[in-house]
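These are my notebook entries on what I looked up in the structure shown below. I wrote down the terms as I came to them.

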Amino acid sequence: MTFPLETAAHPENLRRVAIDPVSRVEGHGKVTLLLDADNHIEQVRLHIVEFRGFEKFIEGRPYWEVPVMVQRLCGICPVSHHLAASKAFDRIIGATPVSASANAVRRLMHYGQILQSHALHFFHLSSPDLLFGFDSEVAKRNIVGVAQAHPEIAKKGILLRKFGQEIIRITAGKRIHGTGAVPGGINKLVTLEERNNLQRELPQMLEWAQDAVAIAKQLHAQNPALYNSFGSFRSNLMSLVRPDGAMDLYDGVLRVRDADGRILFDQIDDQRYLELIEEEVRPWSYMKFPYLRSLGAQLGWYRVGPLARVQNCDFIPSERAETERQAFVAWGQGEPVHATLAYHWARMIEMLHAVEVVAELLADPALLSGDLLTSGVRQRHGVGMIEAPRGTLIHDYEVGDDDLVTRCNLIVSTTHNNQAMNEAVRSVARDYLDGQELTEGLLNHIEVAIRAYDPCLSCATHALGQMPLEVTLLAADGAVLDHVQKSTQGGVTRAT
Amino acid sequence: MTPPLLVLAWGNLSRGDDALGPLCLAALREQLPDALQGQVEFLEDYQLQIEHALDLIGRQRVLFIDASLSCAAPFEVTTLQAAQDASFTTHALSPPALLQVFQDLQGEPPPPCTLLAIRGEAFELGEPPGPAALAHLQSALQWARRWLNPDGF
């Protein structure tokens, strides 16, 4: 399989630039650029350290432990893994559907997760680039810079995130290592006091979420040339939708649209995802490349996450977010919006929807009383699928008669977007770097494109002093021509 | 009422030596003397993040605990200062940057904050902490107990 700029014809004659690792994305990412003598781009690849050892970590464990253990796969979206695993084991124990109370509490937990994750990404990880510009002073391009220049925006971001975290604490039982969802349902309801405390904060959260959509929309309106073209490319779009076509981030059927917006597949049962999706291994990356089986790897790759979801659904079932979705769709003037930076706008529409859903759920009496657990006829195999903040998350398990997990397969959101992120990087490299001398600002353009997808790369591995950003220029003979390093404190040093 | 002391540790219990922060916190909490009951809040998380700036409000002293690949063994102690830090550390915020966020949001200096960095070596998923890291943890615990109760633990 070949894609433009994926593999150079004669890499031995080219010099290599490595951006390693990519900053402000979760985990370790590395971009390599092969340039010819005139600095023309010949090859671009985004390499990502795969989620190593997931299967080994899970297989052999009793199934009831898994919804808690999988939270340790990822320090960024543990709730998504918690819920996807719980949904899969609902199938295993025949608890389909779960009780109305379990459904309400889990949904509340999930939309709290969407809210806090989207708030972090927009206000903390992306706003420095969006507010100051991709070429702005590197020391300013972070949340501290935002807090100093726009304290009101930084504070809204923190408090929106805090509100989402509080929803998770209440529904999952703890700030981290939650046990709220279990196979077959939940282990606790929400108390009246907890519900009332959350409800008191809702009007403010709704206002701030609406403001965030306005900021994202305004950024596009102020500079349409940049926002429409930066990292833009055409692709298929995949997500779960409710069977009636509404946006639903917790449960639904799979739908795929092509790059022109036509529905290619619809109403695909999540238990049959392997009939739709296949994964390709390429020798230069640890992370697999999923694609639509019937279209093949060359044509069948797709995007997931906010940009896909907002355009894949027929409508958003909450008033304010639906109004904003219509404005977003109108921006495309009859065509799907494929701009990479439009992820931010779509993400804020989803955040607004999440607050509206939280408001609806808090008014649902099933949160406060009702059955916690259900069960039915035991199965050997179950798939749990959820629209995590970054896109479709798939947990697939088989369990033996001894209750131990015998096989598991996880496809995480970032893996679905692997080809798309590579395409975004190539688009930016072609438009901004080709024939230019490389500068920190230009290299940040590549990071901006990757960050738009909010990739979650290696899940929670971290330690102090572990993650500087390094850029190395190598001649064709392997000699180091240039070496730039950013420390974790933000200092940039160059040694040639 | 907000307890005057905060111990905030982060890390992943299932990623080898990354567990050092949460393990240190758990041991401190388990052996907290009666005289300090109600005086200390213990918070654990996977990563340090912006909302933790709100957890610093109203504290007299704060102790941050994390595993570190770069500190000297067995542990290092640093008095933290707010700093405009680019924090090129993905979704995780550095302690100085967190203090700077606090200062910018609250309009006042943060409470006195100390970082206890415990030397770790390996952070593989599904692996337990290594023997060297656990030895470092024991040394660090002795220091942390004195931080909690300078007048005699």
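**Entry on A:D454.** I began with A:D454, which counts as buried because its relative accessibility is 3%; buried means under 20% relative accessible area, exposed over 50%, and partly exposed in between, found with a 1.4 Å probe on the protein chains only. I then looked up its backbone, and phi of A:D454 is near 50°, a positive value in a residue other than glycine. A:D454 is found in the loop between α16 (440-451) and β15 (469-474) of chain A. Here helices (H or I, at least four residues) and strands (E, at least two) are DSSP runs, numbered from the N terminus.

**Entry on how to read the model.** I noted that this is a predicted model, in which local features need pLDDT of at least 70 and side-chain atom pairs count only at pLDDT 80 or more, while totals for chains, interfaces and linings use all residues. Residues are numbered from 1 along each chain as its sequence is written, chains are lettered from A and ligands numbered from 1 in the order in which they are written, and side-chain values use heavy atoms, with hydrogens and water left out.

Is A:Q333 buried or exposed? I found that A:Q333 counts as exposed, because its relative accessibility is 72%. A:Q333 has a positive phi of about 50° although it is not a glycine, and its place is in the loop between α12 (319-331) and α13 (342-362) of chain A.

I next checked the length of α12(A): its 13 residues should span 18 Å at 1.5 Å a residue, and its end C-alpha atoms are 19 Å apart, which agrees. The expected span is 1.5 Å times one less than the number of residues in the helix. Which residues of α12(A) are buried? I listed A:A321, A:E322, A:E324, A:R325 and A:F328. They cover an arc of only 160° around the axis, so they sit on the same side of α12(A); the arc is that of the directions from the helix axis to the C-beta atoms.

The face of α12(A) turned away from its buried side carries the exposed residues A:E319 and A:A330. The buried residues of α12(A) pack against α7 (192-222), α11 (306-312) and α13 of chain A, where contact means heavy atoms within 4.5 Å.

**Entry on A:A172.** I found A:A172 in helix α6 of chain A, and A:A172 is buried, with a relative accessible area of 4%. Not counting residues up to four places away in sequence, A:A172 touches A:M109, A:G178, A:T179 and A:G180. I also looked up A:I186, which is 14 residues from A:A172 in sequence and 8.9 Å from it in space, C-alpha to C-alpha.

**Entry on cis peptide bonds.** In chain A, a cis peptide bond joins A:T96 and A:P97, with omega about 5°, and A:P97 is found in the loop between α3 and α4 of that chain. In chain B, the peptide bond from B:A73 to B:P74 is cis, with omega near 0°, and B:P74 is found in the loop between β3 (61-68) and β4 (75-79).

**Entry on chain B.** I looked at another proline, B:P129, which lies in the loop between β5 (113-119) and α4 (131-148) of chain B. Leaving aside its neighbours within four places in sequence, B:P129 is in contact with B:G16, B:D17, B:A19, B:L23 and B:L134. For α4(B), the 18 residues should span 26 Å at 1.5 Å a residue, and the end C-alpha atoms are 26 Å apart, which agrees. The buried residues of α4(B), among them B:W143 and B:W147, pack against β1 (5-10), α1 (20-30), β2 (40-45), β3, β4 and β5 of chain B.

**Entry on chain A as a whole.** Chain A has 16 helices and 17 strands, and of its 496 residues, 64% count as buried. Among the contacts in chain A with a separation of 6 or more, 69% are between residues 24 or more positions apart.
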